[in-house]
Amino acid sequence: RVLQKQLENPQDRLILELLTWGIRGRTEVGNTHEELINLRKTDVDYNNKVLTVTNNDGEERFIKVDEYTLSLIQEAINQETYYCRNGKSARVIPINDTPYLFRTPGKDKDGKVEQQLFTRRIQQFQKWLDKAHLTISNLYFSSIIDYAKKLKEEKGELTKKDYIRINEIFRYGDNEEKQTLYWIKTAELCKPYL
């Protein structure tokens, strides 16, 4: 969130925010960033503070978020223009109103964004924020670690069952079997930080 403050566009800040909640999608051809791409305005439940995120195959999961995230989502929804080069350019591009949270700037740019939008934006963030190691994978895995740290503070010790649950929450592994098998990977990932 400290880095988000340095980004001019709410849609850009929202990319960083949602990645830290583990929202991204499967890392396979045709499904990269699917949860971000498919996220619609109607998928936001402000009363219960829950986002419904959907894979390309229609599988849904529910992510509990906080007030800050909901406020940022509303800012992104309300954003009508995109400030190029993080506001360092005089160029401002209109953003069409679509049912989706993320919208491609430019005239006649309706429908879902392409997965490359997120890849390009993260590459731009690396330059704008002078953070060469800021990547989608690093944000995703650091979120898993952060979640594990909070859970350990709460419970005192993490078990195999806890790591499997973390994998389910962050969809680390594309099915239940892999999420169970990957518990050791998650434990090893988190171990140096716990």
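1. Helices, of at least four residues, and strands, of at least two, are DSSP runs numbered from the N terminus. On that numbering, Lys 41 belongs to the loop that lies between α2 (34–38) and β1. The model discussed in this note is a predicted one.

2. Leaving aside residues up to four places away in sequence, Lys 41 touches Ile 77, Asp 97, Thr 98, Pro 99, Tyr 100 and Leu 101. Tyr 100 stands 59 residues from Lys 41 along the chain, yet the C-alpha atoms of the two are separated by 5.6 Å.

3. Helix α3 comprises the 12 residues 67–78. At 1.5 Å a residue it should span 16 Å, and the 17 Å between its end C-alpha atoms agrees with this. The buried residues of α3 are Thr 69, Leu 70, Leu 72, Ile 73, Ala 76 and Ile 77. Because they cover an arc of only 160° around the axis, they are on the same side of α3.

4. Helix α5 (residues 136–155) and helix α8 (residues 183–190) have axes that come within 10 Å and cross at roughly 85°. The two helices are therefore roughly perpendicular, since angles of 65 to 115 degrees fall in that class. On the α5 side the contact is made by Phe 141, Ile 144, Ile 145 and Ala 148, and on the α8 side by Thr 186, Leu 189 and Cys 190. Of these residues, six are nonpolar, one is polar and none is charged.

5. Two residues deserve a check of their backbone angles. Most residues other than glycine have a negative phi. Lys 49, in the loop between β1 and β2, has a phi near 60°, which is positive although the residue is not glycine. With a relative accessible area of 27%, Lys 49 is partly exposed.

6. The second case is Asp 130, whose phi is near 55°, again a positive value in a residue other than glycine. Asp 130 is placed in the loop between α4 (115–129) and α5. Its relative accessibility is 67%, so Asp 130 counts as exposed, the cut-off for that class being over 50%.

Technical notes. Residues are numbered from 1 along each chain as its sequence is written. This is a predicted model: local features need pLDDT of at least 70, side-chain atom pairs count only at pLDDT 80 or more; totals for chains, interfaces and linings use all residues. Side-chain values use heavy atoms; hydrogens and water are left out. The expected span of a helix is 1.5 Å times one less than its number of residues. Buried means under 20% relative accessible area, exposed over 50%, partly exposed in between (1.4 Å probe, protein chains only). The arc is that of the directions from the helix axis to the C-beta atoms. Axes are lines fitted to C-alpha atoms, for helices over the stretch in contact, and angles run from 0 to 180 degrees between N-to-C directions. Angles under 35 degrees count as roughly parallel, over 145 as roughly antiparallel, 65 to 115 as roughly perpendicular and the rest as oblique. Contact means heavy atoms within 4.5 Å. Ala, Val, Leu, Ile, Met, Phe, Trp, Tyr, Cys and Pro count as nonpolar, Asp, Glu, Lys and Arg as charged, and the others, Gly among them, as polar.
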